[in-house]
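Here is a walk through one protein model, from its fold to its core and its surface. Keep the sequence and the coordinates at hand.

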Amino acid sequence: MNKPSKIKKMKDKVTKLEKTEQELDKLINSPGEAAKRLVSKKARQHYEELQHEANHYRDNLKEKGYKGAEDLSKRQGEIRGLEEKIVPRIEKEIKVKEHTIETISGIFDAIQQATHSETFTQQRQQLRKMRSTNINRAKDQEPDFSR
């Protein structure tokens with residue numbers, strides 16, 4: 001899994017943790033909610049589920065090496081910094097390699113053209129030689145009327 005997608009997952013978990021903690025804070029800081037938890041099994045169960053959920057998110061983030069929202073922001077900043085430095089460098093390297101490939105392709109095309117031209121020239125010379133040989137044979141075979 002690449003680093004940006006890991007960061008995105010961590011961001012989602014941090015967001016869920018923050019939301020759960022906010023809801024817990026409302027329940028903790030409200031005297032009415034505290035009274036409800038004492039009387040209502042459902043309210044107490046909801047509160048305990050939120051605590052369990054918050055603990056789960058905290059443990060999960062600690063397990064992955066994140067300390068919280070600040071750590072996430074720091075890592076996102078590091079990734080943005082790397083992207084700003086690395087991506088242009090990689091793009092430049094790609095352009096250099098593309099130019100090299102174009103140059104090599106041009107050289108290859110020139111070699112092919114020169115080879116074709118050389119082959120054509122050799123064939124033409126062989127054809128001339130054969131014509132010349134045939135003409136000389138024909139002259140040798142003509143009847144000699146000079147006698």
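R58 has 29% relative accessibility, so R58 counts as partly exposed. The scale behind that label is simple: buried means under 20% relative accessible area, exposed means over 50%, and partly exposed lies in between (1.4 Å probe, protein chains only). This is a predicted model, in which local features need pLDDT of at least 70 and side-chain atom pairs count only at pLDDT 80 or more, while totals for chains, interfaces and linings use all residues. Residues are numbered from 1 along each chain as its sequence is written, and side-chain values use heavy atoms, with hydrogens and water left out.

What does R58 pair with? R58 forms a salt bridge with E21. The closest N and O atoms are 2.9 Å apart. A salt bridge here is a side-chain nitrogen of Lys or Arg within 4 Å of a carboxyl oxygen of Asp or Glu. The pair links distant parts of the chain, with R58 in helix α3 and E21 in helix α1, 37 residues apart. E21 counts as partly exposed because its relative accessibility is 26%. The structure holds one salt bridge.

Now the overall fold. The protein chain has four helices and zero strands. Along the sequence the pattern reads α-α-α-α. Helices (H or I, at least four residues) and strands (E, at least two) are DSSP runs, numbered from the N terminus. How much of the protein chain is buried? Of its 147 residues, 14% are buried.

The largest nonpolar core has 14 residues. Such a core is a set of buried Ala, Val, Leu, Ile, Met, Phe, Trp, Tyr and Cys residues joined through side-chain atoms within 4.5 Å. I7, M10, L17, L24, L61, Y66 and L72 have the most contacts inside the largest core. Two or more residues come from each of α1 (3-29), α3 and α4 (69-141). Helix α1 gives the most to this core, with six residues.

Y66 sits in the loop between α3 and α4. Its relative accessible area is 7%, so Y66 is buried. Y66 and V14 are 52 residues apart along the chain, yet their C-alpha atoms are separated by 9.2 Å. K64 lies in the loop between α3 and α4 as well. K64 has 44% relative accessibility and therefore counts as partly exposed.

Y47 counts as buried because its relative accessibility is 14%. Y47 and E33 are 14 residues apart in sequence, and 9.4 Å apart in space from C-alpha to C-alpha.

Finally, the surface. Patches are made of residues with over 30% relative accessible area and no salt bridge; like charges are joined within 9 Å, and nonpolar side chains (Val, Leu, Ile, Met, Phe, Trp, Tyr) within 5 Å. Lys and Arg count as positive, Asp and Glu as negative, and His and the chain ends are not counted. The place of a charge is NZ of Lys, CZ of Arg, CG of Asp or CD of Glu.

Which residues form the negative patch? E23, E48, E49 and E53 do. Helix α3 (residues 41-63) supplies the largest share, three residues. E53 is found in helix α3. E53 has 31% relative accessibility, so E53 counts as partly exposed.

A nonpolar patch is formed by L82, I86, I90 and I94. Together they have about 340 Å² of accessible area. Accessible areas come from the Shrake-Rupley method with a 1.4 Å probe, and for residues only the protein chains shown count as cover. I86 is found in helix α4. I86 counts as partly exposed because its relative accessibility is 33%.
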